[in-house]
Amino acid sequence: MKYSIFGESHGPAIGVVLEGVPPGLALDLDAVRFDLARRAPGKNALSTPRREGDEPRVLSGLFEGRTTGAPLCAVIENTDTRSGDYERTKDLARPGHADYAARMRYQGFNDYRGGGHFSGRLTAPLVFAGGVAKQLLAQKNIYVGAHISTVYGVNDDALEDWESLRACAAKDFPVLSDEKGAEMQQAILEAKNEQDSVGGAIECAVFGLPAGLGEPDFGRNAEGIFSQYLFAVPAVKAVAFGAGTAFALMRGSEANDPLYMDGGVVRAEQNCAGGINGGITNGMPLVFEATLRPTPSIARQQFTVDLAKGENAVLELKGRHDPCVIHRAVPVIEAAAALAACELLGI
């Protein structure tokens, strides 16, 4: 499958076109709505107060509840926009945002309202696409789950199994340890009270991928495929597989995953490799951690430039913004991982 996302944060709607969807899938739209609700804003003090229903409307590719094989197109209306919040600062490049880069790339014709096409709002149609991918994977007994692994230095418990991640999906703040989750939420609220924001990381795992998928070279490398999908998610600035940067603190005797036979199946005693060796899956859960930067839109005074006047300026942002996006981003990372897994499988 190939997907393309369209729309802008303050336009009439956003959406996605999925091409190459296998025909005959009995699409469970309630399951897709569940993931969209996990991502949706406006639910508590940890998120932007912008409220969007995020009800997907399928325009094509679905007939009598099953996919037809034609391009699957879904749109989600934007119903709670306040574009006037951005008029005053349209020429002031927001530090940390894509404002300046987008202005250069699109010669000033990009939609600046709410970040336009660069907004985290565009992750809603990505979640729709990922919801379709998850259902295709489930037909092959392959499942994707994630949890918040860290927020501003507060770490969640270590990942154990699929069941623990599945339980996280039902939580408003998806962590394995609710005690650690409370500490994370306190850090977010403290930053919000100080007109600031915080970042964090999400650990995600794909269970059930067979060994032997991928290639060692550019283009079909398993880590490369997943990274391409993950870095298309706004705010993702780092991706690490398995032990990730902790490999720099290990010896080979610690980092190597000892193998053993289990009923005719090769397994590993640990999973530092994150389910990938040499760019190819090894049959263990494919595990990675995606790090997301702090939300760039903060109420604190910041130094920037006025792109219209070509001079230094001071920026004071108004409007509705997340003090942290990490808890809303969990289903987004799952969606990106599900789409990457489909590509790896050749779906």
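Six aromatic pairs are found in this structure, which is a predicted model.

**Aromatic pairs**

- A pair of aromatic rings is described by the distance of the centres and the angle of the planes.
- Take Tyr106 and Phe118 to start with: their ring centres are 6.4 Å apart and their planes meet at 50°, so this pair is tilted. A tilted pair falls between the stacked range, under 30 degrees, and the edge-to-face range, over 60.
- Tyr106 and Phe118 both sit in the loop between helix H3 (99–105) and helix H4 (123–138), and the pair links parts of the chain 12 residues apart.
- How accessible are these two residues? Tyr106 has a relative accessible area of 39% and is partly exposed, and Phe118, with 41%, is partly exposed too.
- Now for Tyr143 and Trp162, whose rings are stacked, with 5.5 Å from centre to centre and 25° between the planes.
- Tyr143 belongs to strand S7 (residues 143–151) and Trp162 to helix H5 (residues 162–168), so their pair ties together parts that are 19 residues apart in sequence.

- Four strands make an open sheet, and reading across it gives the order S1-S2-S6-S3, with antiparallel pairing.
- Which strands lie at the edges? They are strand S1 (2–7) and strand S3 (56–60), each of which pairs on one side only.
- On average, neighbouring strands in this sheet are turned by 20° against each other, direction ignored.
- Strand S6 (residues 72–77) is joined to S3 by four bridges in the antiparallel sense. To see one of them, look for Pro56, whose bridge partner in S6 is Ile76.

**Helices H1 and H9**

- Helix H1 (residues 29–39) packs with helix H9 (residues 326–345) at an angle of about 140°, and their axes are 7 Å apart.
- H1 and H9 are therefore oblique to each other; the cut-off for roughly antiparallel is over 145 degrees.
- On the H1 side, the contact is made by Asp35, Arg38 and Arg39. H9 contributes His327, Arg328, Val330, Pro331, Val332 and Glu334.
- What kinds of residues make up the contact of H1 with H9? Five are charged, three are nonpolar and one is polar.

Key: Residues numbered from 1 in each chain as written. Predicted model: local features only at pLDDT ≥ 70, side-chain atom pairs only at ≥ 80, totals over all residues. Heavy atoms only, no water. Pairing = 2+ DSSP bridges. Helix = DSSP H or I, 4+ residues; strand = E, 2+ residues; numbered from the N terminus. Axes fitted to C-alpha atoms, helices over the stretch in contact; angles between N-to-C directions. Phe/Tyr/Trp six-rings, centres within 6.5 Å; stacked < 30°, edge-to-face > 60°. Buried < 20%, exposed > 50% of the residue type's maximum accessible area, 1.4 Å probe, protein only. Parallel < 35°, antiparallel > 145°, perpendicular 65-115°, else oblique. Contact = heavy atoms within 4.5 Å. Nonpolar A, V, L, I, M, F, W, Y, C, P; charged D, E, K, R; others polar.
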